[in-house]
Amino acid sequence: MKPDGYMVFVAVSKNDAMYGDEKEVSKDRFETKHGVELFFYDSDAVENEFGRYGLIEAKEIDEPAKNIGNRSSQKFWLITCRK
């Protein structure tokens, strides 16, 4: 990445309805029924994971669930870092 470049990440929030629904692999990490391991973030985890990479903003966002019936919106962290 070039100097002054940005990195933008989206990470699943611990406030998402999926948190804790599947098989727990380790603290805040769960394996889905499809075999995918997901780590769920809170503000402390975001700081610990991305702070050393120039974290400049992290905000929790709601992503509306489209075409999924009565399912609630998904909750993510929008994370921005700058080199």
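The paragraphs below follow the aromatic pairs and then the salt bridges of this structure. It is a predicted model, in which local features need pLDDT of at least 70 and side-chain atom pairs count only at pLDDT 80 or more, while totals for chains, interfaces and linings use all residues. Residues are numbered from 1 along each chain as its sequence is written, and side-chain values use heavy atoms, with hydrogens and water left out.

Across the whole structure there are six aromatic pairs, meaning rings of Phe, Tyr or Trp (its six-membered ring) with centres within 6.5 Å, called stacked when the planes are under 30 degrees apart, edge-to-face when over 60 and tilted otherwise. One of them joins Tyr-19 and Phe-30 edge-to-face, with 5.3 Å between centres and 80° between planes. Because Tyr-19 sits in the loop between β1 and β2 and Phe-30 in strand β3, this pair ties together parts eleven residues apart in sequence; strands (E, at least two residues) and helices (H or I, at least four) are DSSP runs numbered from the N terminus. Phe-30 is buried at 7% relative accessibility, whereas Tyr-19 is partly exposed at 30%, where buried means under 20% relative accessible area, exposed over 50% and partly exposed in between (1.4 Å probe, protein chains only).

Five salt bridges are counted, each a side-chain nitrogen of Lys or Arg within 4 Å of a carboxyl oxygen of Asp or Glu. Among them, Arg-82 meets Asp-4 at 3.8 Å, N to O, and because Arg-82 lies in strand β6 and Asp-4 in the segment before β1, the pair ties together parts 78 residues apart in sequence.
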